[in-house]
Amino acid sequence: MASALVIDNRQAQSPQRRALLIMVAKIAFIIFTVEALIMLMISGFDLEGLLDSTSLTIVATPLIYLWVVRPFANAARTASASLTDQLSETQRLLEQNEKLRTALQQFSENTAQIHERVLEKIGADLHDGPAQLLTYTLLKLNRVFPIVERSGEKKSIDDFKSLNEVLGQTLREVREISTGLSLPELSAASIADAIHLAVRRHQEFTGSKVAVQCENLPENTTLSQKICAYRIVQEGLSNAFKHAQDTAPSVSVRHEAELEISVQDGGCGFDPETVPDKSLGLNGMRARVQALGGKFEIISSVGAGTKVSAYLRVQPTPVDRSV
Amino acid sequence: MADKSRLAIVDDHPLVRRGMVETLEDEPDFEVVAQGVSADDAVRIAAQEKPHLMFLDVNMPGGGVVAAARIRTLAPRVIIAMFSFRQDLAIVRACLAAGVNGYIVKGIPGSELIALSRKLLAGEQWLDPELVRRLALEQAEPE
């Protein structure tokens with residue numbers, strides 16, 4: 001009874017020890033059963049033989065345990081410890097990977113913001129510098145015109161008018177470049193606002209009609225993602241207008257596993273393999289998306305229209321936007 | 001020349017102001033009575049100088065739209081013309097809602113600025129034709 005209690009206590013202390021005891025008991029039972037069966041088959045029921053079997057079992061069981069089971073158990077324990085170590089190492093590497101991925105995404109985010117600030121600065125400089133100078137020049141040319149007109153020289157008058165027109169066109173182009181470079185209004189806008197703003201501006205400047213479909217848009221997109229979405233729509237629609245005869249342009253934005261921004265047209269299409277490496281339009285879109293860790297895809301073939309898509313991963317929680 | 005039209009120009013870009021002043025003052029019946037660089041300047045000039053016609057920049061400090069709305073309340077008889085690079089319809093609509101009489105896009109020759117000033121002083125409203133086209137398009141095909 002006391003012995004049983006000791007066994008019970010040990011079992012309670014260690015499940016492994018309990019498993020070992022069960023294994024020893026099983027070995028003893030198997031040895032005893034095999035010997036008893038052999039005995040029965042050879043000489044029938046024999047009490048002396050049965051006692052011999054019992055003695056043999058008592059001797060053989062510890063020996064089998066020591067020579068066979070224990071080395072296996074030790075090997076299994078070592079393998080288990082090694083697996084545990086490997087699992088911990090894998091876990092550590094996964095955590096390190098996640099930290100690196102987050103750091104990389106933050107870096108991309110910051111780089112994209114710096115890029116936008118540089119563009120914004122160029123836009124502001126164009127507005128405050130060349131645009132103002134051209135405005136002044138156009139206003140002042142008016143004072144020169146009567147002198148040219150009085151000369152009566154048709155060529156001088158024509159040259160003056162031509163100069164005036166070219167200067168006006170230059171100013172309009174500078175103004176458009178300046179406006180397109182700067183997007184301060186996106187700071188407080190949602191991703192849907194950014195998409196609709198890009199579409200509205202395109203419609204206003206070109207007079208074309210764009211079909212827009214937005215589904216399940218996330219609330220927590222970063223400023224860089226909104227700017228990226230705006231630029232993709234802006235460039236995609238501009239390409240559709242210039243190269244696809246403005247045929248049924250449409251914008252589709254939805255959020256499932258990723259935020260997908262697509263611009264499609266029903267124009268003449270092209271072979272995506274033929275896009276030159278130095279082409280700014282499509283390559284610029286691709287670089288912009290990849291800088292945010294996203295994917296960019298062009299689906300097009302001659303005569304079958306074009307679809308450009310950007311896929312961005314939206315963080316479950318907003319990230320720090322400071323640079 | 002007691003009947004000169006009194007004009008005021010408020011724009012934070014000195015070169016633009018200079019070009020406008022020199023252009024407008026070449027006309028014998030125009031007199032630029034005040035210049036400013038901000039929305040506060042615009043409101044002060046409207047109250048103190050009582051110009052017939054004021055040109056306001058949209059992007060100046062304090063905001064041209066804000067200035068126009070305050071002037072319209074303070075001095076309802078002043079003719080207000082926005083003079084700006086901005087062509088966003090949202091800005092144009094805000095200016096119209098604030099009660100401006102004209103919206104001129106920068107880049108016009110001096111002769112046109114003079115002609116438009118005369119139209120506005122005569123009581124006409126004036127909106128850049130490109131803006132009219134885009135507003136009409138928007139009306140025809142709302143989002």
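To start with, how many helices and strands does chain A have?

Modeller: Happy to. This is a predicted model, and its chain A has eight helices and five strands. Reading from the N terminus, the elements follow the pattern α-α-α-α-α-α-β-α-β-β-α-β-β. Chain A holds 323 residues, and 21% of them are buried. If you take the contacts in chain A between residues at least 6 apart in sequence, 71% join residues at least 24 apart.

Now to the sheet itself. Five strands of chain A make an open sheet, arranged in the order E1-E2-E3-E5-E4, and their pairing is mixed. At the edges are strand E1 (211-215) and strand E4 (295-300) of chain A, each of which pairs on one side only. From one strand to the next, the twist averages 10°. As background, strands of a sheet pair through backbone hydrogen bonds, and the pairing can be parallel or antiparallel.

One pair to look at is strand E2 (residues 250-255) with strand E3 (residues 259-265) of chain A, which run in the antiparallel sense and share six bridges. Here you can find Ser252(A) opposite Ser262(A) of E3(A).

Helices pack on this sheet too. Helix H6 (residues 191-206) of chain A touches E1 and E2 of chain A, and the direction of H6 makes about 175° with that of E1(A). Helix H7 (residues 223-243) of chain A also packs on the sheet, where it touches E2, E3 and strand E5 (306-312) of chain A. The direction of H7 makes about 10° with that of E3(A).

Pro218(A) has 15 C-beta neighbours inside 10 Å, so it counts as partly exposed; a buried residue would need 20 or more, and an exposed one 12 or fewer. Beyond its neighbours within four places in sequence, Pro218(A) is in contact with Ile191(A), His255(A), Leu259(A) and Val314(A).

Helix H4 (residues 130-151) and helix H5 (residues 154-181) of chain A pack at an angle of about 170°, and their axes are 10 Å apart. H4(A) and H5(A) are therefore roughly antiparallel to each other, since angles over 145 degrees count that way. Residues making this contact include Leu134(A), Leu138(A), Leu141(A) and Phe145(A) of H4(A), along with Phe160(A), Leu167(A), Leu171(A) and Val174(A) of H5(A). By class, the contact of H4(A) with H5(A) has 12 nonpolar, eight polar and two charged residues.

Finally, chain A has a partner. In this model 22 residues of chain B are in contact with 22 residues of chain A. On the side of chain B that touches chain A, the elements giving two or more residues are helix H1 (14-25), helix H5 (110-121) and helix H6 (129-140) of chain B. H1(B) gives the most, with seven residues. The residues on that side of chain B divide into nine nonpolar, six polar and seven charged.

How values were computed:
Residues are numbered from 1 along each chain as its sequence is written. Chains are lettered from A and ligands numbered from 1 in the order in which they are written. This is a predicted model: local features need pLDDT of at least 70, side-chain atom pairs count only at pLDDT 80 or more; totals for chains, interfaces and linings use all residues. Two strands pair if DSSP finds at least two bridges between them. Helices (H or I, at least four residues) and strands (E, at least two) are DSSP runs, numbered from the N terminus. Axes are lines fitted to C-alpha atoms, for helices over the stretch in contact, and angles run from 0 to 180 degrees between N-to-C directions. Two residues are in contact if their C-beta atoms, placed from the backbone, lie within 7 Å. Ala, Val, Leu, Ile, Met, Phe, Trp, Tyr, Cys and Pro count as nonpolar, Asp, Glu, Lys and Arg as charged, and the others, Gly among them, as polar. Angles under 35 degrees count as roughly parallel, over 145 as roughly antiparallel, 65 to 115 as roughly perpendicular and the rest as oblique.
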